[in-house]
Amino acid sequence: MTLEVKVAFLPPLFMFILSLGSESHTLSERFRSPAIRVVSNETTKKAPDVAAEVGRYEDVAKRIIELAVFGAAQNRSYRRLADFTDTIGNRVSGSQNLEMAIKYMYNAMKQDGLDVHLEPVKIPHWVRGKESAEMIKPRTKSLAMLGLGSSVGTPPEGVEAEVLVVQSFEELKRRASEATGRIVVFNQPFTNYPETVAYRGFGASEAAKVGAVATLIRSVTPFSINSPHTGWQTYEEGVKRIPTACITVEDAELMWRLAQNKQKIVVRLVMGAQTLPDADSFNTVAEIRGWQHPEQVVLLSGHLDSWDVGQGAMDDGGGAMISWEALSLIKDLGLRPRRTLRAVLWTGEEQGGVGGQQYFNLHKENISNFDLVMESDLGTFTPMGLQFLGSDAARKVMEEVIKLLAPINVTKLETDAEGTDIFLWMQAGVPGASLHVADSRYFWFHHSEGDTMTVQDPHDMDLCSALWAVVAYVVADLEDMLPRRP
């Protein structure tokens, strides 16, 4: 999951990711306002008609669930993910590993009998290089660290400076006179991701404004076993660019305690980071074409890129795999919906939804044919429900659809769908859905070496695949597209 985007894409997507739930609330309000309606489908059935139509899919939903959870496809999405991540490893934007991953998935989905193609995308190419951090005073200690995406590097000899430890942007402003020539360490407590990630995103520029030479950010996580977490960060225009990295919760708190005891802290930071020209890449697209309205689309998705640590199994290999698996389940049962089912495995999501932005620009002229857009990017743990954003009439349809998941006890339709890569579609009025899972451990592993196959559970992935397939198939096969306010 990303933080935000390059400057060119900043207005819509960064504000969404930074606020997650709060921006989704804004979108909910927009769905009730005709002002942003760029498409319209005025066909609205009465509630009993909707219930009866959706109810006819009860048997097919049970067949999908049986195949995914108890049948021949049991554990298949997990095995696919393990084979993929064990073969390719992590897949940062612009890397050879990412291009290997795209080729791997293209071939695998082709062999699965799906209609697959690649759509070209230009993506950022930031390279970490060799990096290290060491506390020199008041004692020598190696600091586990990860440079942040888009950071500049240090001089070859590194940067060695006294440290100023603060716990908030407000404290930094109050102590601005102490920051000149220092490395600012942010020891911000974790409250929630949308609030706390602002330090990772903007810490370097805020510190540079008061004369700092580098920043070290406490990793954005509620739990740590000496584990640094990376992620994308953004330099403010017109502000000096200084090196920035994340350190562990433990080391940030250590330096905070030393500072409280009036100890002089000196750190040496070495970073070989550099930004290369944008690289050529692809969004990977697989389809089951609709038999009646092939031009109309239900899109389900996850992102294929990851950070350059761990295996990218949770973020977002799982979301990519269940999107492929949903199509496989439907194909294996010999089902073909009225509309096209399209799985998109996004590229460049971690750099701010770059692949999603370019996909939207390429296909937005056909926006009236997009029935529902779905994204899974908060892990594939035990599913709790489906988040949905759409008109009141569309919500009534989705309330009936989610009832079909009673056999796996996932019948809750929630508000405010989220997803970096589908945000622009939802902003333009297309109904959107995202997977809600038991994600309390998600930020333990997020953007760290801990994001490996060990985090994944085969049964949970089966349940997520079943939910994804049932929702996508039923919506794609209903007589009418989801209704939208004129």
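How much area is buried between domain 1 and domain 2, and what share of it do carbon and sulfur atoms give? In this predicted model, the area buried between the two domains is about 1,200 Å², and carbon and sulfur atoms give 70% of it.

Figure 1. The domain assignment places residues 47-126 and 277-477 in domain 1, and residues 129-272 in domain 2. Taken over C-alpha atoms, the centres of domain 1 and domain 2 are separated by 35 Å. Domain 1 brings 12 residues to the contact, and domain 2 brings 17 residues.

**Figure 2. The side of domain 1 that touches domain 2.** About 1,200 Å² is buried between domain 1 and domain 2. On the domain 1 side, the residues that lose the most area to domain 2 are Trp 126, Phe 443 and Trp 444, which together account for 50% of what that side buries. Two elements each give two or more residues to this side, namely strand 1 (115-127) and helix 14 (442-445). Helix 14 gives the most, with 3 residues. Sorted by class, this side of domain 1 has 7 nonpolar, 4 polar and 1 charged residues. Between the domains there are 4 residue pairs in polar contact, both residues being at pLDDT 80 or more, and 0 salt bridges.

**Figure 3. The region annotated as Peptidase M28.** The UniProt annotation "domain: Peptidase M28", from an unreviewed entry, covers residues 283-469. Over residues 283-469 the chain is 34% helix and 25% strand. The end C-alpha atoms of this stretch are 21 Å apart.

**Figure 4. The salt bridge between Arg 80 and Glu 325.** Side chains of opposite charge can pair when their charged atoms come close. Arg 80 forms a salt bridge with Glu 325, with 2.9 Å between the closest N and O atoms. This pair links distant parts of the chain, 245 residues apart: Arg 80 belongs to helix 5 (residues 76-88) and Glu 325 to helix 10 (residues 313-332). A search of the whole structure finds 22 salt bridges.

Figure 5. Lys 137 and Pro 138 are joined by a cis peptide bond, with omega about 5°. Pro 138 is placed in the loop between strand 2 (131-137) and strand 3 (141-143). The peptide bond from Asp 315 to Asp 316 is also cis, with omega near 0°. Asp 316 lies in helix 10.

**Figure 6. The backbone at Ser 150.** Ser 150, a residue other than glycine, has a positive phi, near 80°. Ser 150 occurs in the loop between strand 4 (145-147) and strand 5 (159-166).

Terms used: Residues numbered from 1 in each chain as written. Heavy atoms only, no water. Domains from an automatic or database assignment. Contact = heavy atoms within 4.5 Å. Buried area = accessible area lost by both parts, 1.4 Å probe. Salt bridge = Lys/Arg side-chain N within 4 Å of Asp/Glu carboxyl O. Polar contact = N/O pair within 3.5 Å; in protein donor to acceptor, adjacent residues only side chain to side chain. Helix = DSSP H or I, 4+ residues; strand = E, 2+ residues; numbered from the N terminus. Nonpolar A, V, L, I, M, F, W, Y, C, P; charged D, E, K, R; others polar. UniProt positions renumbered as here; feature names shortened; annotations may be inferred.
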